[in-house]
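Biologist: I've got this one open on my screen and would like to walk through it with you. Can you take my questions one at a time?

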Amino acid sequence: GSLLTGGSLKCWGWNSEYQLGTNDQVNRNVPASVVALSGAVSQISTGWQHTCALLPGGGVKCWGLGSSGQLGNTSNATRPYAVEVVNLGDTMVGLTSNGSHNCALGSGGGLRCWGLNNDGQLGNGSTLNRNLPVTPAGLTSGVTAFAAGEQHTCAVQFGVMQCWGSNASGQVGDGSTASSRTLPVEVP
């Protein structure tokens, strides 16, 4: 996707799961407008077969594959157009997506995540997928940076790096390749 002058959004490429938001499954080799996304967009973030946009008012909309709850709208249905992420609880100021999960940063410094959670990548002590945003344990304020990997997530809170999720290759950074972490752990 590409943000245009004025903040409008156009997408192109592979569209097997409606990830372009054009209300059809036609692959595009030229930019096309996202349906149900009127007005400006502040930031875009792409996962695997889904896309999300941060709106200037602090809301988030997502579209495409929704089977793991990655659209954040209480449903696991795939959507061919932009739908609003509900229950964010704050004005969002940042957004990251990867694999089949997303996280958004609130203006109060709290993190909210939703979608696939098979390796604990949402950080809420569970491995259940969530189609509504949840807060990673302890990350209700003080988050200044964050990023989603394919099956793990990291955040800086009060100057301390924490990671959670898949750890088969040592992604959480705690010196081990032990099992997945469902709660944030400090990176030494």
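Biologist: In what order do the four strands of the open sheet that includes E13 line up?

Modeller: A word on the source: this is a predicted model, where local features need pLDDT of at least 70, side-chain atom pairs count only at pLDDT 80 or more, and totals for chains, interfaces and linings use all residues. Residues are numbered from 1 along each chain as its sequence is written, and side-chain values use heavy atoms, with hydrogens and water left out. Strands here are DSSP runs (E, at least two residues) numbered from the N terminus, and two of them pair if DSSP finds at least two bridges between them. The pairing in this sheet is antiparallel, and the order is E12-E13-E14-E15.

Biologist: Which are its edge strands, and how big is the average twist?

Modeller: Strand E12 (143–148) and strand E15 (181–186) are the edges, as each pairs on one side only. From one strand to the next, the average is 15 degrees.

Biologist: Zooming in on E13 and E14, what is the bridge partner of Ala155?

Modeller: Strand E13 covers residues 152–157 and strand E14 covers 160–165, and they pair in the antiparallel sense over six bridges. Look across from Ala155 into E14 and you land on Gln162.

Biologist: Now the sheet with E8 in it: what does Met92 pair with in E9?

Modeller: That open sheet has four strands in the order E8-E9-E10-E11, again with antiparallel pairing. Its edges are strand E8 (92–98) and strand E11 (130–134). Six bridges join E8 to strand E9 (residues 101–106). The bridge partner of Met92 is Gly106.

Biologist: In the hairpin of E4 and E5, which residue takes a positive phi?

Modeller: Strand E4 (residues 43–46) and strand E5 (residues 50–54) are antiparallel, with four bridges between them. Three residues lie between the strands, and the one with a positive phi near 70 degrees is Gln49.

Biologist: Is Ser68 buried or exposed?

Modeller: Ser68 sits in the loop between strand E6 (60–64) and strand E7 (79–84). Beyond its neighbours within four places in sequence, Ser68 is in contact (heavy atoms within 4.5 Å) with Asn76, Gly115, Leu116, Asn129 and Arg130. Buried means under 20% relative accessible area, exposed over 50%, and partly exposed in between (1.4 Å probe, protein chains only). Ser68 has a relative accessible area of 11%, so the answer is buried.

Biologist: And how far apart are the C-alpha atoms of Thr74 and Val86?

Modeller: Thr74 is also in the loop between E6 and E7, but at 48% relative accessibility Thr74 counts as partly exposed. Not counting residues up to four places away in sequence, Thr74 touches Val86, Asn131 and Leu132. Thr74 and Val86 are 12 residues apart along the chain, and their C-alpha atoms are separated by 7.6 Å.

Definitions and conventions:
Axes fitted to C-alpha atoms, helices over the stretch in contact; angles between N-to-C directions.
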